[in-house]
Amino acid sequence: SSSNTNQIDGPLSDETIVLTGEFSLKRDEMTDILKSLGARVTGSVSSRTTILLHGELLEDGRPFTEGRKYRLAKEKKITTMDVTAFEKYVQDKTKNPNWTIDSKANNKNIDLEIEEEILNEPEEKTKNLPNNNQNQGELWTTKYHPKKISDLIGNKTNINKLIEWLDDWNAVVLEGKTKKVEAKFHRGQRPTFENVNARACLITGDPGIGKTSSVRLIAKLKGYKTYETNASDQRNKNSVNKNAGFMFDNKTLFGGELQEKNLIIMDEVDGMSGNEDRGGIAAIIDIIKKTKTPIICIANDRQSPKLKTLANYCYDLKFVHPDKRTIALRLAEICQKENVQYEINALEYLCEICGNDIRQIMNFIELWTRTHKSI
């Protein structure tokens, strides 16, 4: 057809790809990258489609699995991939283990050179421990805990949004250089707005999908000293103010040294219980209104009534489970390091029965391999 006359001969020349959902890049940037690999990019799923490349969420915030394109692709038995799985596919095709979509787009949100430098710095808590091969008693969930941004599985769009929010925080909050807020329109629904100028960020999602790990790694990458508090242990306004209220200023003494970049992490904010909840949530909101330090609140249940008011004062990011293919690829890497034989479809099946809970799957496999040599 005429649409193929300018097609580039490349490693994906045999592929016809359809995009659905939100990505860290704009849709036209994604399209240009795919076309540079030789792929055809079309707007709708058809018998010619070979790959459906999906973001983690649709434009209206629903999971990608609820989209019409995804359901149609499944009906037609078309291969579906998220960005992580697609990058692995291209790496295999091009024989280039470093190929990523972000690198092709010159994405500045994640500076890989800085990340590698930070990764190579000895950890204070682990520098005297033996290496992975020697430390046989270490749990897999600890041994293979993400140590750099690229180790994180899924939620790339939200990770990039969080990095950008932190990068702009001082300019937006302290210098008053507010960013334009664009409305997102969804069929049959009221327009929504992302609160990109918020003083705090609210990250929600099921347990075991890397919310806290992501925040800690990003904070380290960006040079923040973190102060972590578990909100579920704080029942009322007084306890919240006592534990976090002292960090109104952005210059706070840590171990005798003056730190310019501090970050408050409030975990399990949906776990506050008892009759004094409202006072506790109100205290968090009061701190957010006055803070000169970025605050990140983390919770499991976005639908909790306790979060309804809090979300109005936060940049609201919803983390979701990566798909089974992406998790299985990561599990395959771990199995190779542990000299465990595996079949990729068996790893995908484990993801299905464990609800894509990465921690639960790794614990299961570790227990299984104590008595079996293969999966």
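**Aromatic pairs and a helix contact in a predicted model**

Trp140 counts as buried because its relative accessibility is 7%, where buried means under 20% relative accessible area, exposed over 50% and partly exposed in between, with a 1.4 Å probe and protein chains only. The model is predicted, and local features need pLDDT of at least 70, side-chain atom pairs count only at pLDDT 80 or more, and totals for chains, interfaces and linings use all residues. Residues are numbered from 1 along each chain as its sequence is written, and side-chain values use heavy atoms, with hydrogens and water left out.

Tyr144 is likewise buried, at 10% relative accessible area. A search of the whole structure finds 4 aromatic pairs; rings of Phe, Tyr and Trp (its six-membered ring) pair if their centres lie within 6.5 Å, and planes under 30 degrees apart count as stacked, over 60 as edge-to-face and the rest as tilted. Among them, Trp140 and Tyr144 form an edge-to-face pair, 6.4 Å centre to centre with 90° between the planes. Phe64 and Tyr70 have ring centres 5.1 Å apart and planes at 85°, so this pair is edge-to-face. Both Phe64 and Tyr70 are buried.

Helix α12 (residues 324-337) and helix α14 (residues 358-368) pack at an angle of about 35°, with their axes 12 Å apart. Helices are DSSP runs (H or I, at least four residues), numbered from the N terminus; axes are lines fitted to C-alpha atoms over the stretch in contact, and angles run from 0 to 180 degrees between N-to-C directions. The contact (heavy atoms within 4.5 Å) is made by Ile327, Leu331 and Ile334 of α12 and Ile358, Ile361, Met362 and Ile365 of α14.

Methods: Helices (H or I, at least four residues) and strands (E, at least two) are DSSP runs, numbered from the N terminus.
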